[in-house]
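Student: I am new to this structure, and I would like to learn how to read its aromatic pairs. Could you walk me through them?

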Amino acid sequence: MTTILDDISRTFGEYLLIPRLTRKGQHPDQVCLRTPLSVIESDKSPGFQINIPLVSACMQSVSGPRLSIALARQGGLSFIYCSQDIDSQAEMIRQVKTHKAGFVQSDSNATQDMTLREVINLMKNTGHSTVPVTDDGTASGELLGLITDQDFWEFEDDLGKPVVQHMTPIDKVIYGNEGINLREANRLLHQHKKNCLPILDEDGKLTSLVFKKDYEDHQRHPFELLDESKRLCVGAGINTYDYRERVPAVIQAGADVLCFDSSDGFNEYQVEGIQWLRKTFDSKIVIGGGNVVSAEGFDYLVQQGEVDFVKVGMGGGSICITREQKGVGRGQASALLDVVVRRDEYFQQTGRYIPICSDGGLANDTQIIIALAMGADFVMMGRYFAMTEESPPQKTSINGQMYKPYWAEGTRRAQNWQRYGDDTQPREMLFEEGVDAYVPLVGNLAEVLEMTIYKLRSTMVNVGADSLAEFRKQAMLTLVSEQSVIEAGTPNVFQFTASRDFEDLG
């Protein structure tokens, strides 16, 4: 006989937070939003954390290199989508990892017998104003000097002259030795008033460059999510079809976190893949699994697969129609609460804390806050990021309003049979589990995030919490009625929407 649960499938919009005591001295700017992505063993620190609890979905219309860079600079993490060929995904990851770093491998190099004209063309093509001059013109050759756009006048000097006549020779170049840390490298830049510091090995060969602009840029983005080499962090979506070939490539490209991208992760294919990854790669590799909507699904991925984090959600996305098409899924709030309760029981039993990602069902900033209050360590979103300037699709004008295309991974447009297929062979998609739509363009990512993050910090102060862990502990939620929703609105007043409203009334 069919099992029927007693609970109601609920959404985030059905809950409100009850204020708790706000202590003297608490302020939104002092709230810490760091949160773990990797499992925490006993009282040890997590191996991988993000600085804000927001990650972008593994979707073609969401997580490209540009958005991944923008989100990492704000402290979050993107998952480059796997519904593409392996080389393309690896290249996108490399673009994020090499966007900026403390120690950068030079990708613009010259030989001393190149002409000024050739160097000028190189600078214009790469956008770089400083070019190392090496014996063989490579990024790892013996450094002979540096040439910058300050060493010549493009419209006055003879552009046919060789670089050697204009460059700063090695005996006058300030450089650092291999093994120097970033703090010391920046100190040398400051001490000698330089914009670029070459790093050389014991044989005088170039290994990397450190730039003043990168130091200044980091000061403007204090919550940047960086790896041990001061490179931006990025995640990679993977599937159960070709992970044996895909994972080595994305790891080599620099992926910091892996996550199985599936609408239903409660299956043997995914656990088999996780187990293979654990045996094949370093145990420190961070692996996410999902999606699940029940305690039973959580137990299966954690106990059989030993994942680092579990994604929760099915059918709650703004362009997902799994529930309508197949009658499978669960209200996002109910799913999250069920899994969180089991996560906390598992932690009490084993001492292992498994971070939870709430994926989908978030219509606004308030619901992001409710999801975190319910116990999610971080949330994954698609539409939220698809509406920003940095998402991959080109913006388009519809009736004077700017929009961006936004399509689900379960559409024919995505051609993502690996995610929605029932076996491991390509086949025709007989029905779609998502829609192809448009979302309004709302601005650049930094501006959108600034508002969301401030709302979250402000709410945490209302609840008397200084960290996300304290927020989960302090949070007290209440169900709302239809009448209380009406009461919270503004049905009896006229709101001005722009300054011209005043002019029209005058």
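Tutor: Gladly! Keep in mind that this is a predicted model. As for the surface, the chain has an accessible area of about 25400 Å², and 48% of that belongs to carbon and sulfur atoms.

Student: How many helices and strands are in the chain?

Tutor: The chain has 17 helices and 23 strands. Of its 506 residues, 51% count as buried.

Student: Now to the rings. What describes a pair of aromatic rings?

Tutor: Two things: the distance of the centres and the angle of the planes. This structure holds 9 aromatic pairs. In one of them, phenylalanine 79 and phenylalanine 309 sit 6.4 Å centre to centre with 55° between the planes, a tilted pair.

Student: Which parts does that pair tie together?

Tutor: Phenylalanine 79 belongs to strand 6 (residues 77-80) and phenylalanine 309 to strand 16 (residues 309-312), so the pair ties together parts that are 230 residues apart in sequence.

Student: Are phenylalanine 79 and phenylalanine 309 buried or exposed?

Tutor: Both phenylalanine 79 and phenylalanine 309 are buried. For another case, look at tryptophan 276 and phenylalanine 281: their pair is edge-to-face, with 6.0 Å centre to centre and 75° between the planes.

Student: Why does tryptophan 276 count as partly exposed?

Tutor: Because its relative accessibility is 23%, and buried means under 20% while exposed means over 50%. Phenylalanine 281 is also partly exposed, at 21%.

Student: Which residues form one aromatic cluster?

Tutor: Tyr243, Phe260, Trp276 and Phe281 do.

Notes: Residues numbered from 1 in each chain as written. Predicted model: local features only at pLDDT ≥ 70, side-chain atom pairs only at ≥ 80, totals over all residues. Heavy atoms only, no water. Helix = DSSP H or I, 4+ residues; strand = E, 2+ residues; numbered from the N terminus. Buried < 20%, exposed > 50% of the residue type's maximum accessible area, 1.4 Å probe, protein only. Areas by Shrake-Rupley, 256 points an atom, 1.4 Å probe, with all protein chains shown as cover. Phe/Tyr/Trp six-rings, centres within 6.5 Å; stacked < 30°, edge-to-face > 60°.
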